[in-house]
Amino acid sequence: MNIRKLIFLILIFIGGIIFYGFYNNLIIIRFPNQLNLNNIQKSNHKKLINFFYWQDNKWHIEDSEIIWADLTENINNILVNWLSINYEFNKNLKQASVQTVMLDPEKNFAYISFDKNPLSKQWSIYQKIKFIESILKTLNENKIKIQGVYFLVNHKFLEDTHLDFCHFWPISGYSEAA
């Protein structure tokens, strides 16, 4: 057998093994896209956020830095931090956490799902409204560009004996009085 034919057959055999591995995802070839890496690094940055909460019949503000990325992730990060700040200053709050944040296709409304109802049954209507308004005020004051929020528990509308959560809560339009 000619040496050239032997080298050719060996190269075909090695090429076949590489093709088989690539085709069956045993070998993954990925080329870095510098443009995407630059866009990701530019879009994610730290931002100082104001967190509003109602306590002792007045608004309180806490500041914290969060990673600023896309709209859904921004809302999620704001809510997670907002809840931790509220738990820090009010030990009587129920320990609910954010499960999911979703947006409608037009990105006008946010659907915020908690793992359990964050509202206590012992709270007055006023306390419940101030809790919800604190979330909405925090989102609005930090320039989150949505029109309203739907509140969910385990991906179903939040149920409360005093307040209706089957409709969205507008992100702005609340009075600064009281």
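Reply: The expected span of a helix is 1.5 Å multiplied by one less than its number of residues. Helices (H or I, at least four residues) and strands (E, at least two) are DSSP runs, numbered from the N terminus. This is a predicted model, in which local features need pLDDT of at least 70 and side-chain atom pairs count only at pLDDT 80 or more, while totals for chains, interfaces and linings use all residues. Residues are numbered from 1 along each chain as its sequence is written, and side-chain values use heavy atoms, with hydrogens and water left out.

The protein has four helices and seven strands, and from the N terminus on they run α-α-β-β-α-β-β-α-β-β-β. Helix α1 covers residues 3–23, which is 21 residues. From first C-alpha to last, α1 reaches 30 Å, close to the 30 Å expected. N25 follows α1 and has a positive phi, near 60°.

For the interior, a residue is called buried under 20% relative accessible area, exposed over 50%, and partly exposed in between (1.4 Å probe, protein chains only). By that rule, 34% of the 178 residues are buried. In soluble globular proteins, nonpolar side chains tend to be buried together. A nonpolar core is a set of buried Ala, Val, Leu, Ile, Met, Phe, Trp, Tyr and Cys residues joined through side-chain atoms within 4.5 Å. The largest such core here has 36 residues, and I75, F131, L139 and F151 have the most contacts inside it. The elements that give two or more residues to this core are β1, β2, α3 (71–89), β3 (98–103), β4 (109–114), α4 and β5. Of these, α3 gives the most, with seven residues.

The buried residues of α4 include K128, F131, I135, L136 and L139. Their cover includes β1, β2, α3, β4, β5 and β7 (169–170). F131 touches W82, L83, L93, P118, L119 and W123, leaving aside residues up to four places away in sequence.

The strands come next; two strands pair if DSSP finds at least two bridges between them. Strand β1 (residues 45–55) and strand β2 (residues 58–68) run antiparallel and are joined by eleven bridges. Their hairpin has two residues between the strands, and D56 takes a positive phi near 55° there. L48 has E65 in β2 as its bridge partner. E65 touches K46, K47 and L48, not counting residues up to four places away in sequence. E65 and K47 are 18 residues apart in sequence but 5.3 Å apart in space, C-alpha to C-alpha.

Strand β4 is mostly covered, with five of its six residues buried. It pairs with β3 in the antiparallel sense over five bridges, and F114 in β4 is the bridge partner of V98. The hairpin of β3 and β4 has five residues between the strands, and K107 in it has a positive phi near 60°. With β5, β4 runs parallel, and six bridges join the two. In this pairing, Y111 stands opposite Y150 in β5.

N142 sits in the loop between α4 (125–141) and β5 (148–153). N142 is buried, at a relative accessible area of 5%. Its side chain reaches the backbone oxygen of T138 at 2.7 Å. Not counting residues up to four places away in sequence, N142 touches K47, L48, I49, N50, W68 and I78. K143, which follows α4, has a positive phi near 60°.

Note on methods: A polar contact is a pair of N or O atoms within 3.5 Å; within protein, one must be able to donate a hydrogen and the other to accept it, and residues adjacent in sequence count only if both atoms are side-chain atoms. Contact means heavy atoms within 4.5 Å.
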